[in-house]
Protein chains: 2
Amino acid sequence: MTKTNSVRFLVTGCAGFIGSTLVDRLLLDGHEVVGIDNFSTGQWRFLEGAMKNPAFSLVEADLTNVKADVFKGVEYVFHPAANADVRFGTQHPRRDLEQNTIVTFNVLEAMRSNHISRIAFSSTGSVYGESTLVPTPEDAPFPIQTSLYGASKLAGEGLIAAYCEGFGFQAHIFRFVSILGDRYTHGHVFDFVGQLKRSPNRLVVLGDGSQRKSYLDVEDCVSAMLTAIEQADCKVNIFNLGTNEYCAVNDSIRWICEILGVSPDLDYTGGDRGWIGDNPFIYLDTSRIRSLGWKPKVSIEDGIKRTVQYLLKNPWVFEVRS
Amino acid sequence: MTKTNSVRFLVTGCAGFIGSTLVDRLLLDGHEVVGIDNFSTGQWRFLEGAMKNPAFSLVEADLTNVKADVFKGVEYVFHPAANADVRFGTQHPRRDLEQNTIVTFNVLEAMRSNHISRIAFSSTGSVYGESTLVPTPEDAPFPIQTSLYGASKLAGEGLIAAYCEGFGFQAHIFRFVSILGDRYTHGHVFDFVGQLKRSPNRLVVLGDGSQRKSYLDVEDCVSAMLTAIEQADCKVNIFNLGTNEYCAVNDSIRWICEILGVSPDLDYTGGDRGWIGDNPFIYLDTSRIRSLGWKPKVSIEDGIKRTVQYLLKNPWVFEVRS
């Protein structure tokens, strides 16, 4: 998939955080890209660059009810589209089922009817639940789900693997830690910056701040995915994506406050996790993807700081997501 | 859940092979039972005994579209209802998603709206795919799915575990080997006996006959489930159910032919598995359920022979299932 070998990709959730970053990279590498988004959380502004490129075409559609002919002529499908809101799963349990599990099935069926057999899927480190093994490798003990989001992604992984066995598909499945960087529009950094912009003297922190988290920069994430699909050629290729480090939520607060130049009172809600299904420590063993020569360029500290800078330069993000 | 402590159970798929056996046992133990079935594969005749018992009430309904008030007043839900046809998954991929994954979600939501929090779920050894660890324990390495059936059951397990974490449910999840015994109406013994009744001189065998399988008698299976829900009290309790032995398909053929008194030519379709997603060797580590004092009473050989006797005594089974 070098520049001399242009491929026609389809990217679901193309106006999302990861989707749009991926679209830009694929276009930069000389590929054609069909993007699908329903713009429920995706942002038109994230596609400003892509829309100027004749190799990009946009389909505004909802994958819960997509016509298969949208996939016509596509050689490879990236499927990052998802309800990515882990935290509020229990408030609307049907959403993860419909937007993650059933939509993944719809994508697989659309591929099958168009004789497309290669898919890359954005899964999550949440599928490990609270693993007994940390750092958690891809073949960790059979996990027990702790969130509807994780369960819906596990179901998506299972469907994809079954299509590989049953219909000759090839899959690359990526289990992410939390992703940060430009165009980041949810999660704790977004939440903290938003809070501190409104009231610089007080910050409400879910949990006790001790939750350790591992983050990966979105550009590093996209590079890792492209490395894997170029090099790993099994039927089902599963990779953890993350950095070899972690931070505590309290570290993150310190870095954010440093950039914003604020010293808020910290109001902890208490407990060792932020919400039901929150994992007090997600830290993935990434030796498998590293063995292919990939490594992250951005540290967690730099990733968080870059994200804050992006959010400060793009205040519109808070308006559309509030 | 002894006779002195009557519980109101709901059993999905109550007219099915496992469901109806469970209903009879629960009634025998003095409990009340509400049974749900859509009679797509369930058999009225399996409920002949139950229907005479005033502690049993039947709801003819389809769980893809069930009204939650059917669950009113229920204390405990057994959910064996499923599309149990592993073999033809690739011919109708939507069926496993709808009848197994989405139906399980519907059951969980109906429970939640009726404040019912205890569920027992019939999963399958197929969720292990082709495990690197045999006999396969419950905490085997993170599995890769090889069938749509396995994927749909894994998705059901994930949903149930997420409801335990998110909504305070308690679950008992059972991963079965193949189940045999009275009322058995699918799978290889059913297929072989049916073939040999039609043409005693020739038997078509999928694969090369070397596939090793582990079977459990349906009465032993029901006893194991009741043992587990009485004794295991974690949030999510997962148990493999099977015997400590296995047989080859060729052994099974020998036992079946012995009872039928036939010596057919064997026509093997070849290969080390019967169909796509068939696992050449499913053999589960059952030490966890055995540690609770349960052990099977029926050997695989006796289980297969009993099943053949049942099928010979109940030729109607072949008529309704042909």
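Into which domains is chain A divided? I find domain 1 (8–179 + 215–241) and domain 2 (185–213 + 245–321); the bounds come from an automatic or database domain assignment.

Housekeeping before I go on. This is a predicted model, where local features need pLDDT of at least 70, side-chain atom pairs count only at pLDDT 80 or more, and totals for chains, interfaces and linings use all residues. Residues are numbered from 1 along each chain as its sequence is written, while chains are lettered from A and ligands numbered from 1 in the order in which they are written.

**Entry: the domains of chain A**

I looked up the spacing: the centres of domain 1 and domain 2 of chain A, taken over C-alpha atoms, are 23 Å apart. Then I checked the contacts, where two residues count if their C-beta atoms, placed from the backbone, lie within 7 Å. On that rule, 34 residues of domain 1 of chain A touch 26 residues of domain 2 of chain A.

Which elements of chain A give two or more residues to the domain 1 side? They are strand 10 (215–217), helix 6 (218–231) and strand 11 (236–241). Helices (H or I, at least four residues) and strands (E, at least two) are DSSP runs, numbered from the N terminus. Helix 6 of chain A has the largest share of that side, with 6 residues.

I also noted the make-up of the domain 1 side of chain A: 14 nonpolar, 13 polar and 7 charged residues. The classes go like this: Ala, Val, Leu, Ile, Met, Phe, Trp, Tyr, Cys and Pro are nonpolar, Asp, Glu, Lys and Arg are charged, and the others, Gly among them, are polar.

**Entry: chain B against chain A**

How many degrees of rotation superpose chain B on chain A? I read 180 degrees, with 0.0 Å of shift along the axis and an RMSD of 0.0 Å. That is how a two-fold axis relates copies.

At the interface, 30 residues of chain B contact 30 residues of chain A. On the chain B side, the elements that give two or more residues are helix 3 (93–113) and helix 4 (148–167). Helix 4 of chain B gives the most, 12 residues. By class I have 17 nonpolar, 10 polar and 3 charged residues on that side of chain B. The copies meet through the same surface, because 100% of the interface residues of chain B are also interface residues in chain A.

**Entry: helix 3 and helix 4 of chain B**

I went back to helix 3 and helix 4 of chain B as a pair. Their axes come within 8 Å and cross at roughly 15 degrees; axes are lines fitted to C-alpha atoms, for helices over the stretch in contact, and angles run from 0 to 180 degrees between N-to-C directions. So helix 3 and helix 4 of chain B are roughly parallel (angles under 35 degrees count as roughly parallel, over 145 as roughly antiparallel, 65 to 115 as roughly perpendicular and the rest as oblique).

Residues that meet here include L97(B), F105(B) and L108(B) from helix 3, and L159(B), I160(B) and F167(B) from helix 4. I logged 11 nonpolar, 5 polar and 3 charged residues for this contact of helix 3 with helix 4 of chain B.

**Entry: what packs on helix 9 of chain B**

Helix 5 (residues 187–198) and helix 9 (residues 300–313) of chain B have axes that come within 10 Å and cross at roughly 50 degrees. That makes helix 5 of chain B oblique to helix 9 of chain B. V189(B), F190(B) and V193(B) in helix 5 meet I304(B), T307(B), V308(B) and L311(B) in helix 9.

S252(B), W255(B), I256(B) and I259(B) in helix 7 meet E301(B), I304(B), K305(B), V308(B) and Q309(B) in helix 9.

The V134(A) to P135(A) peptide bond is cis, with omega near 0 degrees. P135(A) sits in the loop between strand 5 (118–124) and helix 4 (148–167) of chain A. In chain B, a cis peptide bond joins V134(B) and P135(B), with omega about -5 degrees.

Last one: F39(A) is not a glycine, yet has a positive phi of about 55 degrees. I find F39(A) in the loop between strand 2 (32–37) and helix 2 (48–51) of chain A.

Definitions and conventions:
Least-squares fit on C-alpha atoms with pLDDT ≥ 70 in both.
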